[in-house]
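Take a first look at the model below.

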Amino acid sequence: MIVVVGIVFAFFILAIIIWMLLSHRLREKYAILWLTIGVTMLVLTLFPDLLFWLSEVLGVQIPTNLLFVAALALLIGVTLHQSWELSTAEDETRRVAEEIAILRADVEALRAQRADSEDGVEP
């Protein structure tokens, strides 16, 4: 019974990821990561002995420990990637704000120059 629940859950997650990708709620570069996670969930649910075999190969005593370590490593990787993306976005935002400030100063200078030239010319 738990295998059926796992399969349904894995397909549900894959369906959500595909829906988010098709509706442009998830960018492609993130969709690849999440699709990989969803497919891995599905494969491990369909073939639970694969986790036991992998834990034996890697020398892990309990297969669930391998699953927890893999999940923790994945979460750390995703967090690091999101931090990098946030830093890049902050740098870009600062750069754009600086450019806007320069352009505003130029516009104000042009307006002041135009106002001075209009005041100097009398009909």
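Which helices each supply at least two residues of the lining of the largest pocket? They are α1 (2–22), α2 (28–46), α3 (49–58) and α4 (63–120). Keep in mind that this is a predicted model.

Start with the pocket itself. Its volume is about 760 Å³. The lining of this largest pocket counts 25 residues. Nearest its centre lie Thr40, Met41, Leu44, Leu51 and Leu67. α4 gives the most to the lining, with eight residues. By type, the lining holds 20 nonpolar residues, five polar ones and no charged ones.

Now turn to two of these helices, α1 and α2. Two packed helices are described by the angle between their axes and by the distance between the axes. The axes of α1 and α2 come within 9 Å. They cross at roughly 165 degrees. Angles over 145 degrees count as roughly antiparallel, so α1 and α2 are roughly antiparallel to each other. Their crossing is left-handed.

Which residues make this contact? From α1 come, among them, Val3, Gly6, Ile7, Phe9 and Leu21. From α2 come residues including Glu28, Ala31, Trp34, Met41 and Leu46. The contact of α1 with α2 divides into 17 nonpolar residues, three polar and one charged.

How values were computed:
Residues numbered from 1 in each chain as written. Predicted model: local features only at pLDDT ≥ 70, side-chain atom pairs only at ≥ 80, totals over all residues. Heavy atoms only, no water. 1 Å grid on protein atoms, 1.4 Å probe; cavity = no way out; pocket = protein on both sides within 12 Å on 5 of 7 lines; lining within 4 Å. Points joined across faces, edges and corners; volume = space filled by probe spheres on them. Helix = DSSP H or I, 4+ residues; strand = E, 2+ residues; numbered from the N terminus. Nonpolar A, V, L, I, M, F, W, Y, C, P; charged D, E, K, R; others polar. Axes fitted to C-alpha atoms, helices over the stretch in contact; angles between N-to-C directions. Parallel < 35°, antiparallel > 145°, perpendicular 65-115°, else oblique. Left-handed = near helix turned anticlockwise from the far one by under 90°. Contact = heavy atoms within 4.5 Å.
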